[in-house]
Amino acid sequence: NPGEYSAGEGNTVCAIAGAGTRPRTDRTDVEICPVNTFSTGAEDTCLSCEVGGHSKLGQAACISTPPGHFWNGTFDVQCPAGRFSASGASALSDCEVCGDGGYSEVGATYCKTAAAGTTPFSNRTGVEICHSGSYSIGGKSECSTCDTGKFSKEKAVGCTSCTTCGVGKLIKKQ
């Protein structure tokens, strides 16, 4: 029957695999469920933990990792800046990297979007202001350079658009 095994020759009764174990394929003994799997007992298989859950060897259930964290094999640890976990992650690689125009702090459950006039650092851990001669409408990974004959509207950092240079005027580089 499922979850049963015989522990020796000549046995007339089968034993039942306990919680955190499963019968070996030859049904002569049990084996412990591997990390990130579980068994409530009396089953032939160890089931995988759902995304955001984890377990140690031989567990009867999985433990949920909190949002913004990942399981490092010993503890729940916050996802690093530039990554996030909406529902908890089973490993660091499951903390998602912030996408185009996004950034995050340590332990984030979502990525913030770079505001107009700013762009995320390349490592997605914060934002920087667009410099003179460039602009951003927000939500982009880079500030755009003003076209020839145009300049940043306020001639200052953090611009959201460029303005055409008037006839007979020169653009003064800052």
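Is Cys 130 buried or exposed, and what is its relative accessible area?

Analyst: Happy to! Cys 130 is buried, with a relative accessible area of 1%. Buried here means under 20% relative accessible area, exposed means over 50%, and partly exposed is in between, using a 1.4 Å probe and protein chains only. Before going further, please keep in mind that this is a predicted model: local features need pLDDT of at least 70, side-chain atom pairs count only at pLDDT 80 or more, and totals for chains, interfaces and linings use all residues. Residues are numbered from 1 along each chain as its sequence is written, and side-chain values use heavy atoms, with hydrogens and water left out.

The partner of Cys 130 is Cys 143, and the two sulfur atoms of this disulfide are 2.0 Å apart; a disulfide is a pair of cysteine sulfur atoms within 2.5 Å. The torsion about their S-S bond is about -85°, so the link is left-handed. Strands (E, at least two residues) and helices (H or I, at least four) are DSSP runs, numbered from the N terminus.

The whole structure holds 6 disulfides. One of them joins Cys 33 and Cys 46, with 2.0 Å between the sulfur atoms. Its S-S torsion is about -80°, so this disulfide is left-handed. Cys 33 lies in the loop between E4 and E5 and Cys 46 in the loop between E5 and E6, a link between distant parts of the chain, 13 residues apart. Both of these cysteines are buried.

Ser 39 is itself buried, at 2% relative accessibility, and belongs to the loop between strand E5 (37-38) and strand E6 (47-48).

Another disulfide connects Cys 79 and Cys 95, whose sulfur atoms are 2.1 Å apart. The torsion about this S-S bond is -70°, and the link is left-handed. Cys 79 is in the loop between strand E10 (76-78) and strand E11 (83-84), and Cys 95 is in the loop between E11 and strand E12 (96-97), so the parts tied together are 16 residues apart in sequence. Cys 79 and Cys 95 are both buried.

With the bonded cysteines numbered in sequence order, the pairing reads 1-2, 3-4, 5-6, 7-8, 9-10, 11-12. Cys 14 takes part in no disulfide, and the nearest cysteine sulfur, that of Cys 46, is 19 Å away. Cys 14 is partly exposed, with a relative accessible area of 43%. Cys 159 is in no disulfide either, with the nearest cysteine sulfur, that of Cys 146, 7.3 Å away. Cys 159 is buried, with a relative accessible area of 0%.
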